[in-house]
Amino acid sequence: MNSSQSLIVVGLQWGDEGKGKIVDVLSEKFDIVVRFQGGSNAGHTVIIGDKTYKFRIMPTGVVRGKKVVIGNGVVVDPVVLLEEIEALKSAGIDIDLLISDRAHLITPYQIQLDDLMETAKGNQKLGTTKRGIGPTYSDKVSRVGVRFCDFVHHKSKQWLTLESSSKSQIEKIHGIKVENSDATLFDSFSSNVRKLLPYVGDCGEYLESKFNTGSRVLFEGAQGALLDIDHGTYPFVTSSNCVSAAASTGTGVSFNRLNSVLGICKAYMTRVGTGPFPTELNDEVGKRMQNQGREFGTVTGRPRRCGWLDLVALKYAIRLNGCRYLAITKVDVLSGINPLKVCVEYDIDGIETRSYPASAELLSDATPVYDKLEGWSEINMISPKSKGFSNLPHQLRNYLNFIEEITGSQIAMVSVGPDRADTLLVPDVQI
Ligand code: IMP
């Protein structure tokens, strides 16, 4: 891969592919790291030596001392962002942050509505992270949302519109009386937003000026293609576009500037929350993946459902994102499982297909057709100095080759453990 001025890093499954770690490793070579969608539903973990950093909104590049940008496509909970800023400051990390003046704010109403809407759905619930993501994006599209710029130039008249809309939903639809709404909530909310105003500015204009002076910009996706609002397993999805195209609309940077996409894929599949999952394993192997992979949500702590790698889904996600290159993470978790199964086709109502169905109902009826591959017993400990593919067991190299053959994408990175140092870069690939 030739070094290009921009790189978009996206998840190719249902989130939790290990993007935080890969972005951390790559961000060393970039000047600016930008988030362009999602909000505090994301949970990015970076482990450096004996220190673990967890972020929900802050772009991961912050631990490398990079300029970090929160684009207009992100929905920001001011309380969470302030907590992250405080935690980073007390860890002695300097923060050079720009927040888009066009980014929407998550208010306490929207968090409350997320919870009420989930409860009202009963056993049809999506299993959202209850961070107010859905209601905030809904209000954005309904044109009643509150943005940072409302606090810069006005006394936030938008708050009143949002307040009356949310209040009527909470009271009329969910039958709950909202006490002390306007004054008390607005005061504490706006005082938090004001603390963030020194970081607020025009993100698109800033990034364009940096592109013009030769800076390298890394766009850090959150969630994954199968959770995308348009292309994911609707309605069991998040409320933003998580595919690479969103890096343009979510920052105000023209797509002409964006030329390279790296997709991140776990060596197996996981999913948090409800929704179809054809290769899910409700057995000892699935439990083993969950334990070995520490598959528990960063944001909610919920156990993640686990299953075999699904190459029908992966090919679909690669096409949507246009990724020529892949990073495969958590291969160490599969060590000791033999044989390994990989889904290459679905059987839906007796018809074999390699197309990813639009309907979640149809996807729930899909029976995976598997190829079996030989597993490996262990991965040799790889020290940063002796990094190299020749150190990997030949069965693992076969597994990786199989992914490349079926998807037509090239593997550029392989992650063999949680630490920054446990990352192999394919020789001759320059990112
Ligand atoms: P929401 O984004 O909180 O509305 O949740 C919608 C769905 O997306 C739920 O199934 C969540 O579990 C899932 N989800 C949202 N963010 C993430 C993430 O960062 N990783 C994995 N799943 C996520």
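Reader: In which hand does α11 pass α13?

Author: Two packed helices are described by the angle between their axes and the distance between the axes. In this predicted model, α11 passes α13 in a right-handed crossing; a crossing is right-handed if the near helix is turned clockwise from the far one by less than a right angle, and left-handed if anticlockwise. Helix α11 covers residues 311–321 and helix α13 residues 394–407, and the two pack at an angle of about 55° with their axes 10 Å apart. That angle makes α11 oblique to α13. Angles under 35 degrees count as roughly parallel, over 145 as roughly antiparallel, 65 to 115 as roughly perpendicular and the rest as oblique. Axes are lines fitted to C-alpha atoms, for helices over the stretch in contact, and angles run from 0 to 180 degrees between N-to-C directions. Helices (H or I, at least four residues) and strands (E, at least two) are DSSP runs numbered from the N terminus.

Reader: Which residues make the contact of α11 and α13?

Author: From α11 come Leu-311, Leu-314, Lys-315 and Ile-318, and from α13 come Phe-402, Ile-403, Ile-406 and Thr-407, where contact means heavy atoms within 4.5 Å. This contact of α11 with α13 has six nonpolar residues, one polar and one charged. Residues are numbered from 1 along each chain as its sequence is written. Because the model is predicted, local features need pLDDT of at least 70 and side-chain atom pairs count only at pLDDT 80 or more, while totals for chains, interfaces and linings use all residues; side-chain values use heavy atoms, with hydrogens and water left out.

Reader: Are α3 and α6 roughly parallel or roughly perpendicular to each other?

Author: The axes of helix α3 (residues 108–120) and helix α6 (residues 157–173) come within 10 Å and cross at roughly 25°. The two helices α3 and α6 are therefore roughly parallel, and their crossing is left-handed.

Reader: How is α3 placed against α4?

Author: Helix α4 (residues 133–141) packs with α3 at an angle of about 115°, with the axes 7 Å apart. Therefore α3 and α4 are roughly perpendicular to each other, and α3 passes α4 in a right-handed crossing. Gln-110, Leu-113, Asp-114 and Met-117 of α3 meet Ile-133, Pro-135, Thr-136 and Asp-139 of α4.

Reader: Which residues come nearest to the ligand?

Author: A residue is near a molecule if one of its heavy atoms lies within 4 Å of it. There are 16 residues around the ligand, of which Asp-16, Asn-41, Thr-129, Thr-238 and Arg-302 come nearest. A polar contact is a pair of N or O atoms within 3.5 Å. A polar side-chain atom of Thr-238 lies 2.6 Å from an oxygen atom of the ligand, and an N or O atom in the side chain of Asn-41 is 2.9 Å from a ligand oxygen atom. For Gly-127, a backbone N or O atom lies 3.4 Å from an oxygen atom of the ligand.

Reader: What is the phi of Asp-16, and which residues does a cis peptide bond join?

Author: Most residues other than glycine have a negative phi, and most peptide bonds are trans. Asp-16 is not a glycine, although its phi is positive, about 60°; Asp-16 is found in the loop between β1 (6–11) and α1 (19–27). A cis peptide bond joins Tyr-234 and Pro-235, with omega about 5°, and Pro-235 has its place in the loop between β10 (217–220) and α9 (246–249). Another cis peptide bond joins Asn-338 and Pro-339, with omega about 0°. Pro-339 lies in the loop between β15 (325–329) and β16 (340–348).

Technical notes: Ala, Val, Leu, Ile, Met, Phe, Trp, Tyr, Cys and Pro count as nonpolar, Asp, Glu, Lys and Arg as charged, and the others, Gly among them, as polar. A polar contact is a pair of N or O atoms within 3.5 Å; within protein, one must be able to donate a hydrogen and the other to accept it, and residues adjacent in sequence count only if both atoms are side-chain atoms.
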